[in-house]
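Me: I have a structure to learn from. Can we go through it in short questions and answers?

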Amino acid sequence: MSKNIIVFGSMNVDFSIACSKMPKEGETVLGDDLLITQGGKGANQALAAAKLGANVKMLASVADDNFSNFLIDNLKNNNICVKNIIKAKNSNSSIAFILRSNNDNRIIINKGANVYIQADDIKKTLNSLAKNKEIKENDIFITQLECDIKASLEALKYAKELNLYTIFNPAPALKIDKSYLKYVDLFILNQSECEFYTKENLNENNLITNIDKLLSLGIKELILTLSSKGCIYKKQGQKELRFLANKVKSIDTTAAGDCFIGALAASFSKNNDIAKSIEFASKAAALSTLKLGAQSSIPSLEEVNNFFKENK
């Protein structure tokens with residue numbers, strides 16, 4: 001039986017612009033290819049999971065302004081359940097300003113309505129979904145850190161109490177209460193986030209040591225993504241598995257990490273094992289870098305299957 005995916009996370013309007021180089025302090029540079037698209041880590045991950053075949057429910061808050069339908073309708077049109085998205089009164093829309101340069105990006109986020117939902121709201125919503133049998137044990141719960149930190153961490157705890165499989169993407173990297181990590185089944189982070197949480201500069205010689213350092217905090221499984229170098233998976237007490245990245249000519253990496261997480265969850269929802277799920281997620285993430293924007297870059301299941309069939 002397939003599993004539901006429940007995502008509690010951010011919904012942003014992305015203003016993305018390309019530039020030949022990142023500006024230095026006090027410097028003005030010319031840009032082009034301005035894009036205004038839907039984004040936010042939570043919504044990106046939810047959309048990726050849905051486009052890749054999963055049944056997804058989104059828990060979030062948006063401002064009650066002209067951007068709200070722009071954000072919600074894109075999820076709804078991709079068959080995501082949006083009935084638990086709250087419209088926050090007296091709040092601004094969450095906005096992300098993205099600079100793109102040489103296959104890299106820099107992002108600044110105005111939190112806005114993302115922080116409207118508090119811990120009690122999430123507990124009430126999850127309990128209601130469970131009571132109404134809209135979610136069940138072993139369904140998949142995903143959250144990140146673009147919403148209220150306490151709400152995100154408490155959400156992991158509530159989800160674990162309901163026996164959901166919890167995926168935590170601790171991004172952006174922020175100081176957190178590490179006692180909540182025992183509620184995390186799968187911790188997914190990139191190299192810069194790993195350096196933040198371990199307080200170590202990563203190199204090829206200390207990757208596993210630092211992964212083990214995080215696992216010792218109570219996390220059950222961990223995926224460290226390494227961009228073009230692929231990723232490493234490790235489970236407590238077991239030997240690590242290393243996966244290579246798929247080689248493509250990237251033009252924009254804005255939502256590649258979110259696409260990876262959503263695709264991984266979609267594969268899990270069909271009861272695939274970790275190796276098959278990581279390989280599928282890596283393909284989807286690679287393909288997402290061939291288009292500009294966040295949600296606009298996320299491929300469908302058909303696109304992933306066809307692209308890699310044609311490019312073996």
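Reply: Start with a definition: buried means under 20% relative accessible area, exposed over 50%, and partly exposed in between (1.4 Å probe, protein chains only). This is a predicted model, where local features need pLDDT of at least 70, side-chain atom pairs count only at pLDDT 80 or more, and totals for chains, interfaces and linings use all residues. Residues are numbered from 1 along each chain as its sequence is written, and side-chain values use heavy atoms, with hydrogens and water left out.

Me: How many salt bridges does the structure hold?
Reply: Side chains of opposite charge can pair when their charged atoms come close. A salt bridge here is a side-chain nitrogen of Lys or Arg within 4 Å of a carboxyl oxygen of Asp or Glu. The number of salt bridges in the structure is 14.

Me: How far apart are the closest N and O atoms of Lys-21 and Glu-27?
Reply: Lys-21 is partly exposed, at 39% relative accessible area. Glu-27 is partly exposed too, at 28%. The two form a salt bridge, and their closest N and O atoms lie at 2.8 Å.

Me: Lys-220 forms a salt bridge with Asp-185. How many residues apart in sequence are the parts that this pair ties together?
Reply: Helices (H or I, at least four residues) and strands (E, at least two) are DSSP runs, numbered from the N terminus. Lys-220 sits in the loop between α6 (207-215) and β11 (221-225). Asp-185 sits in the loop between β9 (165-168) and β10 (186-190). The parts tied together are therefore separated in sequence by 35 residues.

Me: Which strand holds Lys-234, the partner of Asp-212?
Reply: The side chains of Asp-212 and Lys-234 meet in a salt bridge, 3.0 Å from N to O. Asp-212 lies in helix α6, and the pair is 22 residues apart. Lys-234 is in strand β12 (residues 231-235).

Me: Which side chain makes a polar contact with that of Asn-44?
Reply: Asn-44 is found in helix α1 (residues 41-51). At 4% relative accessibility, Asn-44 counts as buried. A polar contact is a pair of N or O atoms within 3.5 Å; within protein, one must be able to donate a hydrogen and the other to accept it, and residues adjacent in sequence count only if both atoms are side-chain atoms. At 3.4 Å, the partner of Asn-44 is Gln-295.

Me: Within what arc do the buried residues of α2 fall?
Reply: The buried residues of helix α2 (residues 68-76) are Ser-68, Leu-71, Ile-72, Asn-74 and Leu-75. They line one face of the helix, because seen down the axis of α2 they fall within an arc (taken from the directions from the helix axis to the C-beta atoms) of 160°.

Me: Which residue does a cis peptide bond join to Ala-171?
Reply: Most residues other than glycine have a negative phi, and most peptide bonds are trans. Here omega is about 0°.

Me: What is the phi of Asn-138?
Reply: Asn-138 is in the loop between α3 (119-131) and β8 (140-143). Asn-138 is partly exposed, at 47% relative accessibility. Asn-138 is not a glycine, yet its phi is positive, near 75°.
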